[in-house]
Amino acid sequence: MEGVSVRKIKKICVFCGANSGKDVAFVNAAFHLGEVLGKRKIDLVYGGGKLGLMGCVSTAVAQHERQVLGIIPSAFTINNLVGETCGKEIKVATMQERLVMMMELSDAFIALPGGFGTLEELFQMISWAQLSIHNKPIGVLNINGFFNGLLSFVDHAVKQEFITPRARKILISATTVDELVDKLQAFRFEPDPALSKLKWSPSSSQKEKLDLTLRL
């Protein structure tokens, strides 16, 4: 990474499945991600609980003596539905509040294999980056080609001119943990000149009106 400015990443938010998946490689990768974060002195933000890949990565980070923060909707804590969070836990009222807090408290985002919830979280962060709500790097760990179909679809959407080439650069991918973290650290945000003019002040109820066609 000689000659490349390195972004300081202290906390990474990991999106992943509350199941372990069919391939044991997913579990191994989740544990390895937690190990690498620990060795690089990076703390973890995640969705809380100890189920599936979420439990694997959080356990591994904690074992390497890094801080773990689980942000979890209160509904999931009833009857111990998702198990005990490995580390500090913050309870929120809604899924949207959870995602906003994840965005605010993290320096970067990684998606491991998962289902609809993981994909929602991933694409919400990508959409918010496209709109310049944040400028933090986002990547997927493409274990055994799990995300091949998704990445192909995104490239197809670029060819069909629904996603701009500039916006496509927001989504990073790699097949190994170290490569992905290196890419996140080297990421340089390229805001859309028009979308970056939008004002997202919490106190403002209206966005700045722009005379443009948005490719969202």
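Let's start at Thr118, which touches Phe15, Cys16, Gly17, Ala111 and Leu112, leaving aside residues up to four places away in sequence; contact here means heavy atoms within 4.5 Å. Thr118 sits in helix H4 (residues 116-130). Because its relative accessibility is 5%, Thr118 counts as buried (buried is under 20% relative accessible area, exposed is over 50%, and partly exposed is in between, with a 1.4 Å probe and protein chains only). Helices (H or I, at least four residues) and strands (E, at least two) are DSSP runs, numbered from the N terminus.

Before going further, a word on what you're looking at. This is a predicted model, in which local features need pLDDT of at least 70 and side-chain atom pairs count only at pLDDT 80 or more, while totals for chains, interfaces and linings use all residues. Residues are numbered from 1 along each chain as its sequence is written, and side-chain values use heavy atoms, with hydrogens and water left out.

Now for the sheet. Seven strands make up an open sheet with parallel pairing, in the order E4-E3-E2-E1-E5-E6-E7; two strands pair if DSSP finds at least two bridges between them. At the edges are strand E4 (88-92) and strand E7 (171-174), each pairing on one side only. On average, neighbouring strands of this sheet are turned by 25 degrees against each other, direction ignored.

Take strand E1 (residues 11-15) as a guide. On one side, E1 pairs with strand E5 (residues 108-111) in the parallel sense over four bridges, and Val14 has Ile110 in E5 as its bridge partner. E1 also runs parallel to E2, joined to it by three bridges; here the partner of Lys11 is Asp43.

In a regular strand the side chains alternate between the two faces of the sheet. You can follow that in E2: Asp43 and Val45 point one way, Leu44 and Tyr46 point the other way, and all are buried.

Which strands does helix H2 lie across? H2 lies across E1, strand E2 (43-46) and strand E3 (68-73), running at about 155 degrees to E2. Axes are lines fitted to C-alpha atoms, for helices over the stretch in contact, and angles run from 0 to 180 degrees between N-to-C directions.

Next, the helix pairs. Two packed helices are described by the angle between their axes and the distance between the axes. The axes of helix H1 (residues 24-39) and helix H2 (residues 52-63) come within 7 Å and cross at roughly 30 degrees, which means H1 is roughly parallel to H2. For such labels, angles under 35 degrees count as roughly parallel, over 145 as roughly antiparallel, 65 to 115 as roughly perpendicular and the rest as oblique. In H1, Phe26, Val27, Ala30, Phe31, Leu33, Gly34, Glu35 and Leu37 meet Leu53, Cys56, Val57, Ala60 and Val61 of H2.

Back at H4, its partner is helix H3 (residues 95-105): the two pack at an angle of about 60 degrees, with axes 11 Å apart, so H3 is oblique to H4. Gln96, Arg98, Leu99, Val100 and Met103 in H3 meet Glu121, Gln124, Met125 and Trp128 in H4.

Finally, look at Lys197, in the segment after helix H7 (177-186). Lys197 counts as partly exposed because its relative accessibility is 49%.
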